[in-house]
Each structure stands twice: as C-alpha cells, then as structure tokens.
Amino acid sequence: MSLPSAAIAAASGPVCQPFGALGCFYAPPAAEGTRTPLLIYLRGWLNGQGQVPPESCLASARQAFAVYQIEKAAAAAQSAVLVTCSSHLGVTPSDVVALEKEAGRGFSGTILAAHSGGYVGLGKTLASGVTPQRIIMLDNFYLNKDLSKKIQAAVYGGAACAGFYTKHNTDGYEKNFKPFVQCVVDYHEDYGHEGGVAKCLPSYLKQTTCP
C-alpha cells in the first residue's frame with residue numbers, strides 16, 4: 001500500500017497526531033481525569049522495508065492507522081493508541097510517560113499488538129521494561145524462541161495473550177511459539193495476513209478469539 005493512498009484514507013477519518021520519531025497517536029475524547037488503556041500498535045514492514053527512513057515516519061504510521069482501521073480498535077478497547085512507524089522500533093516506559101503528557105491523560109495500562117515484522121519492535125518493547133496487560137500476535141510468528149520466552153514471562157506476570165496466524169507462518173508458529181507460550185492463537189487463512197488485522201484486532205482487545 002503506497003503512502004499517498006494512505007493519506008487519502010486518513011483524510012476521511014480521525015487524525016493520528018505526530019509523536020516524535022516513533023510515529024503517531026490517537027486519543028479519543030475522554031472526560032477530564034479519565035485514565036484509559038494505551039494500545040501500542042507495532043507495525044510490520046512497509047513496502048518491503050523493515051526500517052522506514054525518518055522523513056517517512058509520520059506518513060508510515062498514519063498509513064498503518066488508516067489501512068488497518070486502528071481507530072475501530074481504539075473504540076473497542078476505549079483506549080488511546082500509539083502507532084509506530086517502522087517495524088524495528090520499540091517503545092520504552094519513558095515514551096509512555098511522554099505520551100501521557102502529550103495526550104493530556106494518564107494510562108491505566110498498556111496493550112501490545114504486533115503485526116508481521118513488528119515482532120522486532122515487540123521484543124524491544126518488552127526488553128525496555130514495558131509491562132503489558134495484553135499481548136496480541138497478528139501473524140508475526142517470524143520470531144525466535146528467545147522472544148517467545150520473553151512473551152511467556154509477560155504471561156506469567158499476568159498479561160493475557162491472543163492472536164492469529166496464516167499458512168505462511170505455520171512453521172514459525174508451530175516450532176518457535178506454540179511450545180513456549182500459553183496463548184490462544186487462531187488460524188485465519190480466510191482473512192489473510194493483511195486483512196486479519198482490521199478484522200481481528202478489535203476482537204482480541206476484548207476476548208481471546210476472533211470469530
């Protein structure tokens with residue numbers, strides 16, 4: 001999906017606001033003093049790129065926000081959203097604190113959702129000390145066993161875990177994830193690697209399966 005087409009799509013919906021070198025954020029209106037969850041969406045590759053150049057960061061994050069209908073997920077979770085612009089980027093606890101100031105609200109917890117190559121950003125985010133309430137795996141099973149063990153450590157710490165995989169990720173899921181992580185994962189070749197994100201993300205924010 002090209003950046004211009006994403007810009008057109010974004011123009012007709014909510015605007016994802018710039019957030020430094022990480023990407024963009026969207027915070028639906030909330031009563032003063034309200035604390036909401038923060039959904040951190042760790043995007044996959046863009047146009048074959050695992051590392052988006054800084055000058056394309058905002059457009060890339062807004063592309064993901066529009067194409068994967070992230071605002072619908074925010075509504076489902078009644079949450080604010082941070083969308084990273086490149087799959088190699090992780091989010092740190094200090095980034096979360098900075099975003100609270102930028103959004104003008106406190107966050108009651110964090111939810112990590114990683115699509116495709118965003119498993120790299122997921123690993124960096126967990127390693128930084130972010131403690132998630134929930135981890136959502138969006139056909140991102142290119143990961144290794146070490147990252148799976150980090151995810152399981154978060155599950156032991158109380159995080160819920162759910163997600164989906166498609167045919168091309170079966171081997172990675174079966175060998176590098178399933179034996180190590182207590183996580184409810186659906187098989188959804190019917191929705192596809194890209195289509196499953198918009199279809200399933202809102203469901204996984206509330207439950208462990210995607211119809």
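Reader: Which cysteine does a disulfide join to Cys16?

Author: A disulfide joins Cys16 to Cys24, with an S to S distance of 2.0 Å. In general, a disulfide is a covalent bond between the sulfur atoms of two cysteines. Here the term is applied to a pair of cysteine sulfur atoms within 2.5 Å. This is a predicted model, in which local features need pLDDT of at least 70 and side-chain atom pairs count only at pLDDT 80 or more, while totals for chains, interfaces and linings use all residues. Residues are numbered from 1 along each chain as its sequence is written, and side-chain values use heavy atoms, with hydrogens and water left out.

Reader: How many disulfides does the structure hold?

Author: The structure holds 4 disulfides. When the bonded cysteines are numbered in sequence order, they pair as 1-2, 3-4, 5-6, 7-8.

Reader: Why is the disulfide of Cys16 and Cys24 right-handed?

Author: The torsion about its S-S bond is about 95 degrees, so the disulfide of Cys16 and Cys24 is right-handed. By contrast, the link of Cys161 and Cys183 has -80 degrees about the S-S bond and is left-handed.

Reader: Are Cys200 and Cys210 buried or exposed?

Author: Buried means under 20% relative accessible area, exposed over 50%, and partly exposed in between (1.4 Å probe, protein chains only). Both Cys200 and Cys210 are buried. Cys16 and Cys24 are both buried as well.

Reader: What is the S to S distance between Cys200 and Cys210?

Author: The disulfide joining Cys200 to Cys210 has an S to S distance of 2.1 Å. The torsion about this S-S bond is about -80 degrees, so the disulfide is left-handed.
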